[in-house]
Amino acid sequence: MTNTRQDGDYFECVLVPVSRVLALSLLASLFPAWMGTVCLCHWCVMSAWLALGHQQTAVCASRCEEVLFSFVLGLAYILAFIAPRDGPTRYSYLAYYLVFFMENTGALVVWCVASSSAQNPVLYYGAVVAQVVAFILALAFMLLYYRYFHPSGTSATLSKSISITDPDMDLSKPGQSKQQTL
């Protein structure tokens with residue numbers, strides 16, 4: 001891995017938990033019991049998503065082991081996404097980070113409504129900005145990594161594909177496409 005590639009991946013892996021810890025610690029500062037409830041609900045939803053979904057791994061030999069692995073991985077999903085298997089993960093990332101964003105935003109909104117900016121405006125606005133910026137930067141680093149540095153999708157690999165239009169192709173038929181990749 002090049003230094004740029006490692007740095008981008010590192011910043012993504014650090015900033016995602018930073019945004020989560022900020023959101024949960026802000027919620028816990030006013031409502032400590034809610035933090036446990038939020039984490040428990042997130043753990044249950046993520047474990048069910050893994051156990052009921054088609055996220056089978058090569059690690060487990062039986063369905064019982066898969067369910068147990070799903071519960072353990074669901075606990076890790078409180079802070080960050082870990083792909084349970086090799087292969088395409090675009091939609092898994094999208095689903096996870098959508099839930100992650102909604103939970104962080106919910107925790108932030110509850111904290112903003114329940115706390116007062118008059119007491120300490122620097123903390124109030126600084127915490128909101130830090131949490132949101134950390135999450136947005138994490139997504140930006142992740143997108144940059146997957147666009148330019150991921151081994152299976154680098155720009156050098158993408159530029160080697162050649163698109164041509166087949167003049168004999170009947171585009172009125174279903175399943176026919178205007179372009180083919182060689």
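Biologist: By class, how many residues in the lining of the largest pocket are nonpolar, polar and charged?
Modeller: This is a predicted model numbered from 1 along each chain as its sequence is written; local features need pLDDT of at least 70, side-chain atom pairs 80 or more, while totals for chains, interfaces and linings use all residues. A pocket is an open set of points on a 1 Å grid where a 1.4 Å probe fits, with protein on both sides within 12 Å along at least five of seven lines, and lining residues have an atom within 4 Å of a point. By class (nonpolar: Ala, Val, Leu, Ile, Met, Phe, Trp, Tyr, Cys, Pro; charged: Asp, Glu, Lys, Arg; polar: the others), the lining has 12 nonpolar, 5 polar and 4 charged residues.

Biologist: Which lining residues lie nearest the centre of the largest pocket?
Modeller: The lining of the largest pocket counts 21 residues. Five of them lie nearest its centre: Thr89, Arg90, Tyr93, Tyr146 and His150.

Biologist: Which element gives the largest share of that lining?
Modeller: Helices are DSSP runs of H or I, at least four residues long, and strands are runs of E, at least two. Both α4 (90-114) and α5 (121-149) supply at least two lining residues. The largest share is 6 residues, and it comes from α5.

Biologist: In what order do the elements of the protein run?
Modeller: The protein has 6 helices and 2 strands. From the N terminus on, the order is α-α-α-α-α-α-β-β.

Biologist: How much of the protein counts as buried?
Modeller: Buried means under 20% relative accessible area, exposed over 50%, and partly exposed in between, with a 1.4 Å probe and protein chains only. The protein has 182 residues. Of these, the buried share is 29%.

Biologist: Which residue forms a salt bridge with Glu103?
Modeller: A salt bridge needs a side-chain nitrogen of Lys or Arg within 4 Å of a carboxyl oxygen of Asp or Glu. A search of the whole structure finds 1. Its closest N and O atoms are 2.6 Å apart, and the partner of Glu103 is Arg20.

Biologist: What distance separates the C-alpha atoms of Cys39 and Glu103?
Modeller: Cys39 lies in helix α2 (residues 32-52). It counts as buried because its relative accessibility is 16%. Cys39 and Glu103 are 64 residues apart along the chain, and their C-alpha atoms are separated by 9.8 Å.

Biologist: How far apart in space are Phe101 and Val132, C-alpha to C-alpha?
Modeller: Phe101 is another residue placed in helix α4. It counts as partly exposed because its relative accessibility is 42%. Phe101 and Val132 are 31 residues apart in sequence, and their C-alpha distance is 9.3 Å.

Biologist: How far apart in space are Asp7 and Tyr145, C-alpha to C-alpha?
Modeller: Asp7 belongs to helix α1. At 41% relative accessibility, Asp7 counts as partly exposed. Asp7 and Tyr145 stand 138 residues apart in sequence, and C-alpha to C-alpha they are separated by 9.5 Å.

Biologist: Why does Phe11 count as partly exposed?
Modeller: Phe11 is in helix α1 (residues 3-30). Phe11 counts as partly exposed because its relative accessibility is 38%.

Definitions and conventions: Heavy atoms only, no water.
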